[in-house]
Amino acid sequence: MKYFYGFLCLLGTALPYGAFVPWIFERGFNVVLLFDEASSSKISSFAWLDVVVSAVVLLGFIGVESKRIQLKNWWLPVVGTLTVGVSLGLPLFLLLRELHLEKQQVRPTQ
């Protein structure tokens, strides 16, 4: 699974930024225009609201699960979620969780 999660981290960064970076080059970093275009139709509003709710759920899950399993680098998927989105934050968290749990199985706690 760790290779699958790693691949999804790459894909989850490349696809959103593949659309966002050209938009920035064409329009500049115009936050007002970004929000106008993102909410320009009911379907785009639906998609953005879905992503926002998913991000909030993911941040809560990262917080609770990281504390439960004592994951040290919990902040990396938080930063990934806030800078790229759920498409990076979720697979990155699952990758870190998988690596952490794998290490715990190799080295049992005392």
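Predicted model: local features only at pLDDT ≥ 70, side-chain atom pairs only at ≥ 80, totals over all residues.

Student: At what angle do helices H3 and H5 pack?

Tutor: Helices are DSSP runs (H or I, at least four residues), numbered from the N terminus. Axes are lines fitted to C-alpha atoms over the stretch in contact, and angles run from 0 to 180 degrees between N-to-C directions. Here H3 (residues 42–69) and H5 (residues 86–106) pack at about 15°, with axes 10 Å apart. H3 and H5 are therefore roughly parallel; angles under 35 degrees count as roughly parallel, over 145 as roughly antiparallel, 65 to 115 as roughly perpendicular and the rest as oblique.

Student: Is the crossing of H3 and H5 left-handed or right-handed?

Tutor: A crossing is left-handed if the near helix is turned anticlockwise from the far one by less than a right angle, and right-handed if clockwise. The crossing of H3 and H5 is left-handed.

Student: Which residues of H3 and H5 meet?

Tutor: Contact means heavy atoms within 4.5 Å. On the H3 side the residues include Val51, Leu58, Phe61 and Ile69, and on the H5 side they include Val86, Leu90, Phe93 and Leu101. By class, this contact has ten nonpolar, four polar and three charged residues. Ala, Val, Leu, Ile, Met, Phe, Trp, Tyr, Cys and Pro count as nonpolar, Asp, Glu, Lys and Arg as charged, and the others, Gly among them, as polar.

Student: How is H4 oriented towards H5?

Tutor: H4 (residues 75–83) packs against H5 at about 165°, with the axes 7 Å apart. That makes H4 roughly antiparallel to H5, and the crossing is right-handed. Leu76, Pro77, Gly80 and Thr81 supply the H4 side, and among the H5 residues they meet are Leu88, Leu92 and Leu96.

Student: Which residues of H1 meet H2?

Tutor: Phe20, Trp23 and Arg27 of H1 meet Leu33, Leu34 and Glu37 of H2. Four of the contact residues are nonpolar, none is polar and two are charged. H1 and H2 (residues 31–38) pack at about 125°, with axes 11 Å apart, and are therefore oblique to each other.

Student: How many aromatic pairs does the structure hold?

Tutor: Rings of Phe, Tyr and Trp (its six-membered ring) pair if their centres lie within 6.5 Å; planes under 30 degrees apart count as stacked, over 60 as edge-to-face and the rest as tilted. The structure holds four such pairs. Phe4 and Tyr5 form a tilted one, 6.1 Å centre to centre with 45° between the planes. Phe20 and Trp23 form a stacked one, at 6.4 Å and 10°; both lie in H1 (residues 2–27), three residues apart, about one turn of the helix. Tyr17, Phe20 and Trp23 form one aromatic cluster.

Student: Is Trp23 buried or exposed?

Tutor: Buried means under 20% relative accessible area, exposed over 50%, and partly exposed in between (1.4 Å probe, protein chains only). Trp23 is buried at 12%, whereas Phe20 is partly exposed at 28%.

Notes
Residues numbered from 1 in each chain as written. Heavy atoms only, no water. Helix = DSSP H or I, 4+ residues; strand = E, 2+ residues; numbered from the N terminus.
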